[in-house]
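Please examine the sequence and the 3D view before turning to the solutions.

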Amino acid sequence: MKLLPKATKTSLARLVRAKGYDIPIIRYTCISRVGHSFFLRWTDNDGQFHKAYYAAVGGKPMLLVDATVHELTIAEVIQYGLVTASVQ
């Protein structure tokens, strides 16, 4: 069994907020997906545009917000509901 990244707008926004970023209201964010990679875009209260990218890189979960890389633990992604199990 392997774990694959998954995300909803709410779960990804919660993780990004936990990393210290300002995301005003969820409905003002936009999420998109390519395979098992997820992108969240929003404008903060100061009017600045931000992008977050969540995926597995080399088998490890990773979050990139603007130009800052955040290495994540398996415990973090499980806590925020950002993984799904795949049996192959």
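The model is predicted: local features need pLDDT of at least 70, side-chain atom pairs count only at pLDDT 80 or more, and totals for chains, interfaces and linings use all residues. Residues are numbered from 1 along each chain as its sequence is written, and side-chain values use heavy atoms, with hydrogens and water left out.

**Exercise 1. Describe the protein chain as a whole.**

Step 1. The protein chain holds two helices and seven strands; helices (H or I, at least four residues) and strands (E, at least two) are DSSP runs, numbered from the N terminus. Read from the N terminus, the order of elements is β-α-β-β-β-β-β-α-β.

Step 2. The radius of gyration of the protein chain, 13 Å, is close to the 12 Å that the globule rule gives for 88 residues, so the chain is as compact as a globular protein of that length. This radius is taken over C-alpha atoms, and the rule is 2.2 Å times the number of residues to the power 0.38. Along the principal axes, the C-alpha atoms fill a box of roughly 45 × 20 × 20 Å.

Step 3. Of the 88 residues, 33% count as buried. Buried means under 20% relative accessible area, exposed over 50%, and partly exposed in between (1.4 Å probe, protein chains only).

Step 4. Among contacts (heavy atoms within 4.5 Å) with a separation of 6 or more, residues 24 or more positions apart account for 39%.

**Exercise 2. Determine which residues of α1 are buried and what covers them.**

Step 1. The buried residues in α1 are Ser-11, Leu-12, Ala-13, Leu-15 and Val-16.

Step 2. Their cover includes β2 (30-34), β3 (37-43), β4 (49-57) and β5.

Step 3. Just after α1, Gly-20 has a positive phi of about 100 degrees.

**Exercise 3. Identify what joins the side chains of His-50 and Asp-66, and describe each residue.**

Step 1. His-50 lies in strand β4 and is buried, with a relative accessible area of 11%.

Step 2. Asp-66 belongs to the loop between β5 (60-65) and β6 (68-71). At 39% relative accessibility, Asp-66 counts as partly exposed. Although Asp-66 is not a glycine, its phi is positive, about 55 degrees.

Step 3. The two side chains are joined by a polar contact of 2.6 Å. Such a contact is a pair of N or O atoms within 3.5 Å; within protein, one must be able to donate a hydrogen and the other to accept it, and residues adjacent in sequence count only if both atoms are side-chain atoms.

Step 4. Not counting residues up to four places away in sequence, His-50 touches Leu-40, Arg-41, Trp-42, Asp-44 and Asp-66.
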